Amino acid sequence: MQTATLSTPTSTQSGSIILGTVRRTIAFFRENRMFTSGVVLLLALLLFGLIGSKLISPKKADLGANPLNLSPTWEHPLGTDGFGRDMLAVMVIAIPNTFKIGFLAGAVGVLIGTLIGLFGGYYKGVADSIFSSFADVMLVIPTLAILITVSAYVRVVTVEIMAVIVGLLAWPLPARVIRSQTLSLRERLFVEVAKLSGSSDFEIIILQILPNLTAYLAAAFVGAVSSGILASVGVEVLGLGPQNVPTLGRTLYYAFNRAALFRGMWWWWGPPVVTLAIIFAGLFQMSVSLDKYANPRLKGAARS
Amino acid sequence: MRGLDLRYFMRRIGMFFLVIFVAATFNFFIPRLAPGNPIGAITSRMANASAGIENGQAMFEAYRKRFGLDEPIYIQYAKYMWNTVRFDFGQSLSAYPADVWEIIRPAIGWSIGLIGVSVLLTFMLGITIGAVLAWKGTPQIVKALLPITMIGGVLPYYLLGMLLLYLFAFTTKLLPMSGAYDSAIPKELSGPYIGTVVRHALLPALSIILTSLGTWALTMRGLIVNTIGDDYMLLADAKGLPKRRILWWYSVRNAIPPQVMHLAIALGYVVSGAILVEIVFSYPGLGYQLYMAIVNSDYTVIQGITLILAMSVGLCVLIIDLVYPRLDPRVTYVAENSG
């Protein structure tokens, strides 16, 4: 893996660097069919949501905007729910919202985890022992339990606040992975060389160690997005979390609460279930194929 | 015990109490840090509502006293911790004056039964399927068919639960839709009672088992594939041991300890998932009680249950940690200088 480039790139060089990156990216996607198919699944869903929300009026997702409990017709391809919301319009808004929570939560979790893991693993010391013990403790406490307590008290939240709360609880696993890698990297020769050539600790961490963690960061991010969506949907299914914004979990909560299952209204609970299955399948494929890079010793094994 | 010394033992116990301490601290500070002072809002709302309820004033007073809102925060905190250690979670708000502990206690058994049996079954099935998949002698047809058992793996437990509920309880009416037993059958240790309990637990347990089986089987396969090149495997082969014996007593035996460690890490996730499964099936365990508490805004019960959940996962992890050195004799936690 490359570290910093030595010379300042000229315009032609930077052009070839971009071209090279593009070529390498394409090669990566070609080599890792499973990763590609995961990305395609997620992108397809996201596009469905983004394009759909341009084409379909969000007003159709309002309470009582349509007749209640309609099974799918040409006018309402996914029917309407027990509140008169057009299910297609609901899904088109809910999918990007759920993605937003997942990706924002994953980003927050990985960012905090990386900072703690990187600096803790590099400097060691008391602060590191405190943080890593704390991470171990947090791994034991069921995240959903804390999330439920938080959301039971903070009833009014936006999608963004929800994402940040979920993210604040998602750092321990990335922190642990990054820390153990940093602990081993800091003993390597190239770190020694960088030290002798007068690099500061900060430069070593950012320029020497961090670039070697790319695969782990990517794997940690995919894992954090996946557990972030899992946790937030879990909270939403309980009727907590963002209240008046359609998300996949909230849609399920309404369907569940209004006994859609027992009224045979499959078009109410079916679309969110299928969508979530596609999301988790996509993320699962990505994480399995990233494991090959993040954990070469696993060979044919799946994620742990 | 072999492989265990006092220091390791004390560290693990300390970790367990740290888990409880951190969980309780979260429980104490979350309501106080939440915007808009929810405790004040709750008490004033209760004061309004209590005018119409019998015992209402007593309940309101008890609530104020429980939170000790007039005292300085560190005294509130110390009292809270002391109460937590004694399993005193206060009184329920929606079923006042019932003790929170009295509400939680009967639910614990159902949850332990459901989660315990499902996790144990998943663990054993996952190990078996993984081993069979990794073994060279397995017929191709079996290898091709076994991955079908893993399809459920892409769904969260409770979503598969909804599908199972729809297929087997709603559409075909083969199995009961909700609850843990048939109330028409006397609650005693008899054939019919055990039958109804099993019938009711079948779908919730299946939704946990089918969704987590795949990951266990895949990691098991990977771990077994990893043992193939190892020296002891070569030796066992050279000794002319039967292939089956090598698989179960050499490969699988060596792959089990990491799987147990994996179980300790996954337990928090399993419990989180099981909470929601119970809600889907109205199964009267901790998850369902938690849901009812949320619906009724019964904050003391919510806090009691989340704390109990953290405690039980902490306890299970502690037990796994203490048993682990026996399971993997190569691992020893005895300090090196002692011998």
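Hi everyone. Let me start with a pair of helices in chain B: helix α5, residues 100-134, packs against α8(B) at an angle of about 35 degrees, and their axes are 6 Å apart. Bear in mind throughout that this is a predicted model. The crossing of α5(B) past α8(B) is right-handed. Sorted by class, the α5(B)–α8(B) contact holds 22 nonpolar residues, five polar ones and one charged one.

Now stay with α8(B) and look at its packing against another helix. Helix α8 of chain B covers residues 191-227, and helix α10 of chain B covers residues 243-280; they pack at an angle of about 155 degrees with 10 Å between their axes. Are α8(B) and α10(B) roughly parallel or antiparallel to each other? Angles over 145 degrees count as roughly antiparallel, so α8(B) and α10(B) are roughly antiparallel. Here too the crossing is right-handed, with α8(B) passing α10(B).

For those of you with the viewer open, you can pick out the residues on each side. From α8(B), the contact includes Pro204(B), Ser207(B), Ile208(B), Thr219(B) and Met220(B), with Leu223(B), Ile224(B) and Thr227(B) also taking part.

Let me step back to chain B as a whole. Its secondary structure consists of 12 helices and zero strands. Of its 339 residues, 38% are buried. If you take the contacts in chain B with a separation of 6 or more, 71% of them join residues 24 or more positions apart.

Next, the place where the two chains meet.

Val22(B) has 19 other C-beta atoms within 10 Å, which makes it partly exposed, because a residue needs 20 or more to count as buried. Leaving aside neighbours within four places in sequence, Val22(B) is in contact with Val137(A) and Ile141(A). Within its own chain, the C-alpha atom of Val22(B) is separated by 9.9 Å from that of Leu307(B), although the two residues are 285 residues apart along the chain.

That brings us over to chain A. Chain A has 12 helices and zero strands. Its C-alpha atoms fill a box of roughly 75 × 50 × 35 Å along the principal axes. Buried residues account for 48% of the 304 residues in chain A. Among contacts in chain A with a separation of 6 or more, 72% are between residues 24 or more positions apart.

Now for the core. The largest nonpolar core has 170 residues, and those with the most contacts inside it are Leu147(A), Ile148(A) and Val166(A). Helix α3 of chain A, residues 87-123, supplies the largest share of this core, 19 residues. What does Leu147(A) touch, not counting residues up to four places away in sequence? Leu147(A) touches Ile165(A), Val166(A), Leu169(A), Ala231(A) and Val235(A).

Asn69(A) has a positive phi of about 55 degrees although it is not a glycine. Asn69(A) lies in the loop between α2 (33-55) and α3 of chain A, and counts as partly exposed because it has 17 C-beta neighbours inside 10 Å. Ala259(A), another residue other than glycine, also has a positive phi, near 55 degrees. You will find Ala259(A) in the loop between α11 (248-257) and α12 (266-294) of chain A. Is Ala259(A) buried or exposed? With 11 C-beta neighbours inside 10 Å, Ala259(A) counts as exposed.

Note on methods: Residues are numbered from 1 along each chain as its sequence is written. Chains are lettered from A and ligands numbered from 1 in the order in which they are written. This is a predicted model: local features need pLDDT of at least 70, side-chain atom pairs count only at pLDDT 80 or more; totals for chains, interfaces and linings use all residues. Axes are lines fitted to C-alpha atoms, for helices over the stretch in contact, and angles run from 0 to 180 degrees between N-to-C directions. Helices (H or I, at least four residues) and strands (E, at least two) are DSSP runs, numbered from the N terminus. Angles under 35 degrees count as roughly parallel, over 145 as roughly antiparallel, 65 to 115 as roughly perpendicular and the rest as oblique. A crossing is left-handed if the near helix is turned anticlockwise from the far one by less than a right angle, and right-handed if clockwise. Two residues are in contact if their C-beta atoms, placed from the backbone, lie within 7 Å. A residue is buried if 20 or more other C-beta atoms lie within 10 Å of its own, exposed if 12 or fewer, and partly exposed in between; C-beta atoms are placed from the backbone. A nonpolar core is a set of buried Ala, Val, Leu, Ile, Met, Phe, Trp, Tyr and Cys residues joined through C-beta atoms within 7 Å. Ala, Val, Leu, Ile, Met, Phe, Trp, Tyr, Cys and Pro count as nonpolar, Asp, Glu, Lys and Arg as charged, and the others, Gly among them, as polar.
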